[in-house]
Amino acid sequence: MNNPGKSSNQSAPASTATHPVDRVPPAGKLTLLSIQHVLAFYAGAVIVPLLIASSLKLDPATTIHLINADLLTCGLATLIQSVGITKYIGVRLPVIQGVTTTAVAPIIAIGLAATDGRGGVAGLPAIYGSIIVAGLFTFFAAPFFAKLLRFFPSVVTGTVLLVMGTSLLAVSANDFINYADGVPNPRDLAYGFGTLVAIVLVQRFFKGFVGTIAVLIGLVGGTAVAYILGDVNPDKVAAIGTSAPVGITTPFYFGIPVFTFTGIVSMIIVMIITMVETTGDVFATGEIVGKRISKNSITAAIRADGLSTLLGGVLNSFPYTMFAQNVGLVRMTGVKSRWVATGAGALMIVLGLVPKAGAVVNTIPSPVLGGASLMLFANVAWVGLQTIAKADMRDGRNAVIVTTSLGLAMLVTFKPEVAQVFPSWAQVFFSAGMVVGSICAIVLNILFFHIGSSAQRSAESEAIAMAGGQPVSLAEVNAMSRERFIEVFGSLFNQQKWPLEVAWEQRPFDSVAALRLAVQSAVLMAQPGQQHRLVADYPSMYELVTAEDTQAAAISSDSGSLALQSATAQEMEQLKQISEQYLAKFGMPYVARLVPHDSIRGIIDTGARRLSNSEQQEQLVALTEVVEIANERLDILLRDANPIRREWQVD
């Protein structure tokens with residue numbers, strides 16, 4: 001949208017600040033921050049191939065090959081997600097891709113079924129055939145799944161994150177606590193608590209860059225102490241010297257894929273669940289880094305999951321999703337750059353190609369990993385709580401959604417054997433607490449808010465604006481005085497408020513669309529003199545793009561992008577001349593609504609084209625632009641007042 005107030009002309013163009021997500025840290029910091037992400041993700045990444053190899057009775061050489069293939073594909077998947085392939089694949093956020101633990105049980109079942117329970121390498125082709133089909137399904141189903149985002153308001157996405165973080169704490173506990181003679185090993189507890197305390201102290205007493213690498217300091221420090229005291233596994237240390245210097249997987253290393261119906265169905269179910277997890281992670285990351293998430297964002301993220309899973313099937317790895325512990329790391333460190341995730345992806349590729357590097361990372365003792373991951377997973381739960389807080393918790397239905405989902409998630413986390421009561425095909429839905437909790441939150445939200453009379457009541461009470469920090473419903477808008485109405489919706493226009501006075505006369509509004517139509521009609525049906533004063537109330541495009549930095553926040557509320565970083569001095573001079581010629585010809589500023597990915601060149605070309613219009617035609621064009629600016633501002637009001645709208649509305 002255009003700037004809410006007039007800007008002063010500047011002698012030189014100001015640069016639009018780059019969003020923190022797109023900023024590239026200096027090389028040294030980038031490297032250390034990327035290493036921290038790799039260390040945070042490593043244990044969760046390698047545990048899946050280790051579990052599968054153990055259950056399928058694979059030999060050590062095959063197990064090492066699976067780990068290397070997993071790390072290599074993790075790196076490629078992270079690059080796809082953080083860098084992106086065109087604007088349609090990859091969410092371009094600081095996220096790390098790893099193998100989803102939801103797939104472990106189905107993968108083992110497929111491998112055993114293909115070998116009549118014997119296990120071994122012979123079952124791998126059936127596993128990879130199912131993964132390839134599931135990846136293709138996910139890729140092509142992404143846009144259809146994104147259309148369902150209205151079923152994922154703050155109360156649902158927040159609950160998914162909450163149960164995800166709390167359920168994963170069990171993984172941390174298993175690393176944190178090891179038993180000796182039936183009781184927790186005191187030495188391991190010391191390493192776990194020591195790592196946790198070190199991370200907390202670094203964050204408490206150090207600011208800036210040192211504070212952001214608290215987890216890395218904790219992991220390296222804990223491992224160093226364990227090595228000095230002789231508590232690092234000697235076999236893991238020896239493996240550093242015996243590992244091959246270079247190792248690479250090749251497509252279909254274990255044979256041509258085999259496609260089985262039951263295997264494909266079970267893996268598709270896994271990927272549907274993964275789509276829900278990815279949606280929650282994307283919303284969480286967007287919340288942390290300050291980027292609004294839309295349907296297009298979710299579609300791009302899920303497509304990347306599908307493509308990565310397809311690559312996993314080809315490159316002898318497994319299904320992929322975003323790693324929650326790394327989302328927690330972003331939350332904890334405040335480092336928002338997606339290029340840190342990209343650097344981590346590159347390091348993962350190196351780890352996948354250099355077994356010795358992986359062997360070094362593999363020496364980190366499990367209690368040290370447990371101490372670090374405990375804080376990371378708890379941060380995921382904290383983000384979930386923050387997201388839930390955006391919902392109206394005065395509504396008892398939201399409380400039921402959160403408490404029931406959390407309770408069932410904890411039940412399955414504490415008693416995973418509950419899944420054995422169900423048929424084998426259904427056990428995937430009850431295999432993990434986060435799966436049960438996520439499904440419960442989605443189903444209860446649909447039951448309470450999208451079925452029957454309760455859905456109608458929700459629509460009538462839906463917040464459409466904020467007044468004094470409180471949401472305002474359509475019914476409350478209809479009961480407002482003229483002065484109150486102008487106060488609440490005053491941001492739709494700059495100084496001229498008469499369109500709101502005219503729109504107020506059209507009450508009552510039976511929908512937001514009726515309110516929008518009343519505002520539009522007020523502008524388009526006004527007297528020419530009023531219309532001219534309204535357009536003149538806006539800054540010209542040259543004034544807008546040369547606004548001072550103090551006005552950047554107001555400009556950035558628009559969905560458009562000025563791309564000033566690529567503007568040349570010649571282009572800025574051309575824009576200045578066109579704005580002056582426009583004012584001289586029409587007696588009003590050159591006003592236009594910014595749209596996504598606008599460039600200076602596009603603004604110049606549009607202005608040159610509009611200069612050829614007649615005065616009557618351009619009056620209508622300029623009014624239309626003002627109406628579009630008001631529409632954009634109304635959309636922002638709606639998003640700010642209603643988290644559901646903010647989350648699923650398309651850019």
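What share of the contacts in the protein with a separation of 6 or more comes from residues 24 or more positions apart? The figure comes to 81%. The legends below describe a predicted model.

Figure 1. The chain has 651 residues, and buried residues make up 53% of them. The accessible surface comes to about 27200 Å². Carbon and sulfur atoms account for 64% of that surface.

**Figure 2. Helix α6 packs against helix α8 at an angle of about 145°.** Helix α6 covers residues 186–205, and helix α8 covers residues 214–228. Their axes are 8 Å apart. The crossing of α6 past α8 is right-handed. On the α6 side, the contact uses Y191, T195, A198, I199, V202 and Q203. On the α8 side, look for A214, V215, I217, G218, L219, G222, V225 and A226.

**Figure 3. Helix α6 also meets helix α15.** Helix α15 runs over residues 366–388. The two axes come within 7 Å and cross at roughly 40°. That angle makes α6 oblique to α15. Here too, α6 passes its partner α15 in a right-handed crossing. From α6, the contact residues are D188, Y191, G192, T195, L196, I199, V200 and Q203. From α15, they are P367, V368, G371, A372, L374 and M375. Y191 of α6 belongs to this contact, and Y191 also meets α8.

**Figure 4. Helices α26 and α27 cross at roughly 25°.** Helix α26 spans residues 569–586, and helix α27 spans residues 600–610. Their axes come within 10 Å. Are the two helices roughly parallel or roughly antiparallel? The crossing angle makes α26 roughly parallel to α27. The cut-off for this label is an angle under 35 degrees. The crossing of α26 past α27 is left-handed. Helix α26 brings E571, M572, Q574, L575, I578, Y582 and F586 to the contact. Helix α27 brings I600, R601, I603, I604, G607, A608 and R610.

Figure 5. An α-helix has 3.6 residues a turn, so residues three or four places apart point the same way.

**Figure 6. The loop between α11 and β4 includes L315, N316 and S317.** Helix α11 covers 295–314, and strand β4 covers 320–322.

- L315 is buried, with a relative accessible area of 12%. Beyond its neighbours within four places in sequence, L315 is in contact with A69, T73, L76, T249 and P251. L315 and P251 are 64 residues apart in sequence. Their C-alpha atoms are 4.8 Å apart in space.
- N316 counts as buried, at 1% relative accessibility. Its phi is near 65°, a positive value in a residue other than glycine. Most residues other than glycine have a negative phi.
- S317 counts as buried, at 0% relative accessibility. Leaving out residues up to four places away, S317 touches A69, D70, T73, V99, Y128, I131 and G312. S317 and Y128 are 189 residues apart along the chain. Their C-alpha atoms are separated by 7.8 Å.

A69 and T73 touch S317. A69 and T73 are also contacts of L315.

**Figure 7. F252 has a positive phi, near 55°.** F252 is a residue other than glycine. Its place is the loop between α9 (234–242) and α10 (261–289). Is F252 buried or partly exposed? F252 is partly exposed, with a relative accessible area of 33%.

**Figure 8. I446 sits in helix α17.** The helix covers residues 433–449. I446 is partly exposed, with a relative accessible area of 27%. Which residues does I446 contact, leaving aside neighbours within four places in sequence? They are F151 and I451. I446 and F152 are 294 residues apart in sequence. In space, the two are 9.3 Å apart, C-alpha to C-alpha.

Definitions and conventions
Residues numbered from 1 in each chain as written. Predicted model: local features only at pLDDT ≥ 70, side-chain atom pairs only at ≥ 80, totals over all residues. Heavy atoms only, no water. Helix = DSSP H or I, 4+ residues; strand = E, 2+ residues; numbered from the N terminus. Buried < 20%, exposed > 50% of the residue type's maximum accessible area, 1.4 Å probe, protein only. Contact = heavy atoms within 4.5 Å. Areas by Shrake-Rupley, 256 points an atom, 1.4 Å probe, with all protein chains shown as cover. Axes fitted to C-alpha atoms, helices over the stretch in contact; angles between N-to-C directions. Parallel < 35°, antiparallel > 145°, perpendicular 65-115°, else oblique. Left-handed = near helix turned anticlockwise from the far one by under 90°.
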